[in-house]
Amino acid sequence: MTLNRRAFVGSAVAATGVLAAPMVMGASHGRAKVVVVGGGAGGATVARYLAKDSNGEIDVTLIEPTRQYYTCFFSNLYLGGFRTIESLGHSYGGLAAQYGINVVHDWAIGVDRDAKTVSTAGGYMLPYDRLILSPGIDFVEGAVAGWDVAAQNKMPHAYKAGSQSELLKAQIEAMPQGGTYAMVAPPNPFRCPPGPYERVSMVAHLLKQINPTAKILIADPKEAFSKQGLFEEGWNTHYAGMIERIGPDFGGANVEVDPEAMTLSIDGDVNNVDVCNVIPAMKAGRIADIAGITEGNWAPVNAADLSSKMDANIHVLGDACAQGDMPKSGFSANSQAKVCANAVRGVLTGSTVFPARFANTCWSLIDTNDGVKVGATYEATDEKIAKVDGFISETGESAQVRQATFEESVGWYDGIAADMFG
Amino acid sequence: MTSWPAITCTVVALVGGATMARAEAGGDPDRGAEMFRQCAGCHQVGSGAKNAIGPQLNGIFDRSAARAEGFAYSDGLVRAATNGLAWDFDSLDAYIENPRALVSQTRMNFRGLPNQQDRDDLLAFLRIYSASPSDIPESAPTAQAVDHEVAPEILAIVGDPTYGEYLSGECTSCHQTSGAANGIPSITNWPAEYFVTAMHAYKDDVRTHPVMQMMAKRLSNEEVAALAAYFEDVE
């Protein structure tokens, strides 16, 4: 796609605005068509809400390559032994059978913004009135010297759940006594800000039982990280002496890995490691780039309806979008999906569009029954999704409060899974 | 944050809603970088910034005043910090407008920036070097001026269940519409009166759960009623 064409599409949209949508609908002699790409917390939720609330007035197609979806949230708990991998898996059967969503297990590989069609690897061409992209993340090439996706078998990222999670856990279980688990933590912004540090907690929990003399080494390019005080308090309490984090002041941003030799160099110091969990810098899932709606690594969107700033007929949800203050999390994507569904349904069927409102809460588990959380509410401004109010667990909370927080997180998992898949 | 209520009120009172819009637009950080030249004789910011004549300014938003490690502050600024001065949009805005008006014995020898746009741009530049909510969710959105009081609507009793259904999306990320309860309680089919009473108990901090307090506090009385009407009869 050329820059000229992009500019042209942009200006055409600006000129006709939302009025174009009903005209297209009329011209298609059928139900309005929404194509959703990506069946995670954003995509599954928006597909379900559109289908559920439109009483058959909207034809919803969901394109998702995997038949069984593994949630990234709670995959750290699988590493720690608190969940089975099976308990994180969800099928799309309910969305198809209960809500009449056309679930297509295929890869979306092209978007023609003029013709308003999506093409798939399987050779389908799907027309849309509105396209909703919720493709999650991909990794920035060359972000960690020595690592590319071909090395993910030796040095897993496990930042897309499923086989990568199983591989990482098997590697940790196979570590020699007294061995080293290393993590290369990602720079901001990235999926699930507390995720790497919850993962360290869960790996420490596992190692404490099966390999108590093992070490954990974190190379971190960031000065500070989410829930830092809570994690560091927990690491001191539960895993004293096990975890070493090297921040940017000591070269944590200057790393290189060698997947063959199993080494991690931090600021030139070569460490032999037994497991190397490389979580590279992230960007929007590739289809956003293919559609030509990214700026830098992410797809900028308008806060009120998650519509792309470059194409009013495309919306982008979840980790892939640049929206403002919300962290990239499953909860955020689920929250954005409901606002987007309400707005898209309004445009396509004339239903009432209520003002956007968003929320997020991230729970993390530090050790058995030691749960913490951070959350906030958000609103749409002209500029961005802006934080309104928030809270965070406090250091030194009682064991009862921490256990209640963990139990609440288990309830939340069931809640959001039901909200995504029915 | 307990920072400087008197100053906050003045700012809000003078410019009202415009403060919000302008602050959210966030100023122009590029122009702010130019403004910063007049500060750079004393202050460093960015990668590798160190204390010099003045303290380094990384992470200035969101922290208590007089907190740059290893910097010897004036007694005046230390006292202000002890009294609760913390740096956010409003307090920094007041400080750089006229440092001595905010902290009478500060050693910051700067006449101040009388122009609001100049201050907005400078603060937008400085805000880049502090934690952002999207990266560290517990960070306060300190780049924006906080507009506190919206006059409370009093009792719109009859809830609109259609609106309630939309609002319920905020509940169903955790609470299940099926009524299943496991770690998180069921909220379906409560008599509306009980539902409204419980939500107001969170709004007023009588019930203590922090997530629920946060969710309830942003709901108007009308919205609480709408949710109650929807959940009362949900199937």
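Colleague: What makes the area between chain A and chain B "buried", and how much is there?
Modeller: This is a predicted model. Chain A and chain B bury about 3,500 Å² between them. That area counts as buried because it is accessible area the two parts lose on being put together, summed over both. Carbon and sulfur atoms carry 56% of it.

Colleague: Which residues of chain A lose the most area to chain B?
Modeller: Phe354(A), Arg357(A) and Lys387(A). Together they make up 22% of what that side buries.

Colleague: Why is the pair Arg357(A) and Glu223(B) called a salt bridge?
Modeller: The closest N and O atoms of Arg357(A) and Glu223(B) are 3.3 Å apart. The cut-off is within 4 Å, from a side-chain nitrogen of Lys or Arg to a carboxyl oxygen of Asp or Glu, so the pair qualifies. The count between chain A and chain B is 2 salt bridges. There are also 20 residue pairs in polar contact between the two chains, both residues at pLDDT 80 or more.

Colleague: Which elements of chain A supply the side that touches chain B?
Modeller: Helix 3 (43–53), helix 10 (330–349), strand 22 (357–367), strand 23 (370–380), strand 24 (385–392) and helix 11 (399–421) each supply at least two residues. Helix 11 of chain A gives the most, with 10 residues. By class, this side of chain A has 26 nonpolar, 14 polar and 16 charged residues. In total, 56 residues of chain A are in contact with 35 residues of chain B.

Colleague: What makes helix 3 and helix 10 of chain A a packed pair?
Modeller: Their axes are 8 Å apart, at an angle of about 35°. The crossing is right-handed. From helix 3, Thr45(A), Val46(A), Tyr49(A), Leu50(A) and Asp53(A) take part. They meet residues of helix 10 including Ala337(A), Cys340(A) and Val344(A). The contact divides into 7 nonpolar, 2 polar and 3 charged residues.

Colleague: How do helix 6 and helix 7 of chain A pack, at what angle and axis distance?
Modeller: Helix 6 (residues 163–173) and helix 7 (residues 195–210) pack at about 35°, with axes 10 Å apart. This crossing is right-handed. Leu168(A), Lys169(A), Ile172(A) and Glu173(A) of helix 6 meet Arg199(A), Val203(A), Leu206(A), Leu207(A) and Ile210(A) of helix 7. The contact holds 6 nonpolar, no polar and 3 charged residues.

Colleague: Is the peptide bond from Asn188(A) to Pro189(A) cis or trans?
Modeller: The bond is cis, with omega near -10°. Pro189(A) lies in the loop between strand 11 (180–184) and helix 7 of chain A.

How values were computed: Residues are numbered from 1 along each chain as its sequence is written. Chains are lettered from A and ligands numbered from 1 in the order in which they are written. This is a predicted model: local features need pLDDT of at least 70, side-chain atom pairs count only at pLDDT 80 or more; totals for chains, interfaces and linings use all residues. Side-chain values use heavy atoms; hydrogens and water are left out. Contact means heavy atoms within 4.5 Å. Buried area is the accessible area (1.4 Å probe) that two parts lose on being put together, summed over both. A polar contact is a pair of N or O atoms within 3.5 Å; within protein, one must be able to donate a hydrogen and the other to accept it, and residues adjacent in sequence count only if both atoms are side-chain atoms. Helices (H or I, at least four residues) and strands (E, at least two) are DSSP runs, numbered from the N terminus. Ala, Val, Leu, Ile, Met, Phe, Trp, Tyr, Cys and Pro count as nonpolar, Asp, Glu, Lys and Arg as charged, and the others, Gly among them, as polar. Axes are lines fitted to C-alpha atoms, for helices over the stretch in contact, and angles run from 0 to 180 degrees between N-to-C directions. A crossing is left-handed if the near helix is turned anticlockwise from the far one by less than a right angle, and right-handed if clockwise.
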